[in-house]
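Dear colleague,

I am pleased to hand over the structure below for your study. Please keep it open beside this message, as the notes that follow refer to it throughout.

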Amino acid sequence: MLHDVPSARERGPLAAAPGTGRARHLWPVNPRQPQDGELTSDVVTRTRRVLLLEDVHADAAVHLRKAGFDVDHRTTAMSEDELVESVRDIELLGIRSATRVTRRVISAATHLKAIGAFCIGTNQIDIPAANERGIAVFNAPYSNTRSVVELAIAEIISLTRRLPERNAALHAGVWQKTAAGANEVRGRCLGIIGYGSIGSQLSVIAEALGMTVVFYDVADRLPLGTARRCASMQELLQLADAVTLHVDGRVENAGLIADAELALMKPGSILLNLSRGSVVDLAALHRHLDTGHLAGAAIDVFPDEPKRSGAGFHHELQGRSNVILTPHIGGSTQEAQQNIAAVVAEKLRGYAVDAATASCVNVPVAVAAGVSTHPAAARPNAGH
Ligand SMILES: NC(=O)c1ccc[n+]([C@@H]2O[C@H](COP(=O)([O-])OP(=O)(O)OC[C@H]3O[C@@H](n4cnc5c(N)ncnc54)[C@H](O)[C@@H]3O)[C@@H](O)[C@H]2O)c1
C-alpha cells in the first residue's frame, strides 16, 4: 500500500523502536534534521512541493519551508478541475473544509504522499481512494475544540438574554428596555447532543455557569461533573431549555433534527447547530421559529456553504432578529488556526521526513519491526 523507495541510497532504516509511531520509511528520508531556516544539499535531495490552500495559518508554510519544502501557499479553495491541474507534482497537500479531494484529484496526483486537513473533519477527502494509493491523511481533531465551545457559550447566553433582538431594535432606533423573554442561564437546562471532544468540554463550562447539563450520545461516554446521560435524544429534547448539536458528520446524521424533533422541544427553548450543515432541517426550523414555538436559534453551519470568504450568501433564515447566523466560524480563532497549523504541518513533515504515522487517519502504525496495527491499537492499554 505504501510508496516505493526511489533508490537504495535514499532509503532510511525500515522500522523504528516499538511505540514510536513510525512506519517503515517510504521515500527519501533526511539523514538529519535541518536547523532553523537551514537548507542544505543533504537535507533536501530534490524539490519536494507542497500546496497549501484555503489560507491555512502562515505558520504551516513557515514550518514546512524550514524543513526544506517548496511551499505554494494560497488563500482560496480550488474546484475539482483546478485541483486536478495543480496537484500533479505535489507531494503534500494542505486543505481545510472547502476543498474536496475526490478520487479524480487523487488519480491526477501521481506524486502525492500525504494530505493534511487543517481542520477536524476529513469527509471532504475520498479516504478509500487515498487508501488505494497509499496516501496518508492527517487532521487536527482537537485544535479548535475550545474555540467552538466558547462560541456556543456566547450564543447560549446571547439568545437566552434576547441580545440579538435588543441589538437589532436599538440599531433600528428602538429603545426596547424590557425583561420580557430575557433569562439568566444559571439554573437552566442545557441539552448536548454529541458528547465528544466539543460536547464534553462545553458540558464542563456550562456547569461552571450554573447550568444543569443533560446529554445524549450514540457511543458510551463518561458523564463529566454532574451531567446526566439521557436514554434517548427524544428525552433530551423534551428536557432542555437550550439544545446544542455537536455530532459528527456520519451519513445517518443528515436530517437528525427535523420537524418531529423540533416539535418535541420545550416552548420558548433555543437550538444551536455548530456541527454539520446537514444535521438540521432548516426549513422546519424556520417554521418553528415563525410559530414562536422556538425562541431563537444559532446556526454556524449550512448544507451549501460558499467556498471563499467574502462570497455572497442567501438563506431563508436571514433577517430574523432571534437567529444568530455565523459563516462556519466556530473553530475560526487565531489561537485555533495557529494550533491547527502547528499540529498538521508537523504531522505532514513528520510523515514526509521521518515516516511518522502517529495519529494518522488512515495509515497503520508500525509498533515494532514487522508488526503493523491500526493507530488506535498503539494507544496505551488499547486491547486490554
Ligand atoms: N463550527 C465549526 O467551525 C466546527 C469546528 C470544529 C468542529 N466542528 C464539528 O463539530 C462536530 C463535533 O466535533 P467533535 O470534535 O466534538 O467530534 P467528536 O467526534 O469528538 O464527537 C462527536 C460525538 O457525536 C456522537 N454522535 C454521532 N452521531 C450522533 C447521534 N446521532 N446522536 C448522538 N451522538 C452522536 C459521537 O458518538 C461522538 O461522541 C463535528 O461534526 C465537527 O465537524 C465544527
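**Findings**

Strands S1 and S3 run parallel and are joined by three bridges. Helices (DSSP runs of H or I, at least four residues) and strands (runs of E, at least two) are numbered from the N terminus, and two strands pair if DSSP finds at least two bridges between them. Please note that this is a predicted model, in which local features need pLDDT of at least 70, side-chain atom pairs count only at pLDDT 80 or more, and totals for chains, interfaces and linings use all residues. Residues are numbered from 1 along each chain as its sequence is written.

On its other pairing, S3 is joined to S4 in the parallel sense over four bridges, with Ile95 opposite Ala117 of S4. Leu92 and Gly94 point one way from S3, Leu93 and Ile95 point the other way, and all are buried. A residue is buried if 20 or more other C-beta atoms, placed from the backbone, lie within 10 Å of its own; it is exposed if 12 or fewer do, and partly exposed in between.

The chain as a whole has 11 helices and 14 strands. Of its 384 residues, 40% count as buried.

The loop between S3 and H3 holds Val101. This residue counts as buried because Val101 has 26 C-beta neighbours inside 10 Å. Leaving out residues up to four places away in sequence, Val101 touches Ile95, Ile106, Ile115, Gln124, Ile125 and Asp126; a contact requires C-beta atoms, placed from the backbone, within 7 Å. Val101 and Asp126 are 25 residues apart in sequence, and their C-alpha atoms are 6.2 Å apart in space.

Which residues touch the most other members of the largest nonpolar core? In this core of 49 residues they are Ala114, Ile115, Phe118, Val137, Val344 and Leu348. Helix H11 (334-354) and strand S5 (136-138) are among the elements that each supply at least two residues of this core, and H11 gives the largest share, 10 residues. A nonpolar core is a set of buried Ala, Val, Leu, Ile, Met, Phe, Trp, Tyr and Cys residues joined through C-beta atoms within 7 Å. Val137 is in contact with residues including Ile115, Ala117, Cys360 and Val361, neighbours within four places in sequence being left aside. Another core, of 47 residues, lies apart from the largest one and includes Val148, Met211, Val280 and Leu285.

An open sheet of seven strands, with parallel pairing, has the order S8-S7-S6-S9-S10-S11-S12. Its edge strands, S8 (228-229) and S12 (323-325), each pair on one side only. Inside the sheet, four bridges join S6 (residues 189-193) to S9 (residues 242-245), and Ile193 has Leu245 of S9 as its bridge partner.

Finally, there is the ligand. Of the 34 residues around the ligand, Gly194, Gly196, Ile198, Gly330 and Gly331 come nearest; a residue is near a molecule if its C-beta atom, placed from the backbone, lies within 6 Å of it. Helix H5 (145-160) and helix H7 (197-208) are the elements giving two or more residues to this shell, and H7 supplies the largest share, three residues.

With kind regards

Methods:
Contact = placed C-beta atoms within 7 Å.
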